[in-house]
Amino acid sequence: RLGDDAEVSLLGQAHVGGRAALLQALLYDLGQPHEGRSESAMRLALADHRQGRFREGRRTILLLDEAHLLGLEALEEVRLLGNLEGAG
């Protein structure tokens with residue numbers, strides 16, 4: 001049971017791609033603006049979103065279906081996102 005404080009993003013194998021594709025899919029799934037943004041702008045937007053939720057006592061959970069199909073760049077991005085300070 002995740003509780004009411006959890007926001008869950010579930011990405012399936014259709015989102016297999018590089019870093020930018022993963023960030024875009026995450027922002028889209030979380031209802032955040034993503035179109036026309038650079039990779040670094042999307043990364044910052046995602047970090048801001050997660051940190052804002054953390055300050056509210058809420059969490060964001062990423063579930064990756066078929067994660068073994070992700071390329072090394074996308075897997076590294078997932079690792080980096082999980083290391084965000086104060087992001088729960």
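Guide: Two residues are in contact when heavy atoms lie within 4.5 Å. The model shown here is predicted. Among contacts in the protein chain between residues at least 6 apart in sequence, 61% join residues at least 24 apart.

Visitor: What pattern does the protein chain follow along the sequence?

Guide: The order is β-α-α-β-α. In total, the secondary structure of the chain comes to 3 helices and 2 strands.

Visitor: Why does Glu-66 count as partly exposed?

Guide: Buried means under 20% relative accessible area and exposed means over 50%, with partly exposed in between. Glu-66 has a relative accessibility of 28%, and therefore counts as partly exposed. This residue is found in the loop between β2 and α3.

Visitor: How far apart are Glu-66 and Leu-11 in sequence and in space?

Guide: In sequence, 55 residues separate Glu-66 from Leu-11, while in space their C-alpha atoms are 8.8 Å apart.

Visitor: Which residues does Leu-11 touch, not counting residues up to four places away in sequence?

Guide: With those sequence neighbours set aside, Leu-11 touches Leu-22, Ala-25, Leu-26, Asp-29, Leu-62, Leu-63, Leu-64 and Asp-65.

Visitor: What makes a set of residues a nonpolar core?

Guide: The members must be buried residues of the types Ala, Val, Leu, Ile, Met, Phe, Trp, Tyr and Cys, joined through side-chain atoms within 4.5 Å. The largest such core here has 13 residues, and those with the most contacts inside it are Leu-11, Leu-22, Leu-23, Leu-26, Leu-27, Leu-46 and Leu-81. Helices α1 (19-29), α2 and α3 each supply at least two residues of this core. The element that gives the most is α1, with 5 residues. In soluble globular proteins, nonpolar side chains tend to be buried together.

Visitor: What share of the residues in the protein chain is buried?

Guide: Buried residues account for 30% of the 88 residues in the chain. The chain exposes about 5500 Å², of which carbon and sulfur atoms supply 51%.

Visitor: Which residues line the largest pocket?

Guide: The lining consists of Leu-26, Leu-30, Leu-46, Arg-50, Thr-60, Ile-61, Leu-62, Val-78, Leu-81 and Gly-82. Two or more of the lining residues come from each of α2 (39-55), β2 (59-64) and α3 (72-82). The volume of this pocket is about 150 Å³.

Visitor: How many residues of each class does the lining of the largest pocket have?

Guide: The lining has 7 nonpolar, 2 polar and 1 charged residues. Arg counts as charged, and Gly is among the polar residues, whereas Leu, Ile and Val count as nonpolar.

How values were computed
Residues numbered from 1 in each chain as written. Predicted model: local features only at pLDDT ≥ 70, side-chain atom pairs only at ≥ 80, totals over all residues. Heavy atoms only, no water. Helix = DSSP H or I, 4+ residues; strand = E, 2+ residues; numbered from the N terminus. Buried < 20%, exposed > 50% of the residue type's maximum accessible area, 1.4 Å probe, protein only. Areas by Shrake-Rupley, 256 points an atom, 1.4 Å probe, with all protein chains shown as cover. 1 Å grid on protein atoms, 1.4 Å probe; cavity = no way out; pocket = protein on both sides within 12 Å on 5 of 7 lines; lining within 4 Å. Points joined across faces, edges and corners; volume = space filled by probe spheres on them.
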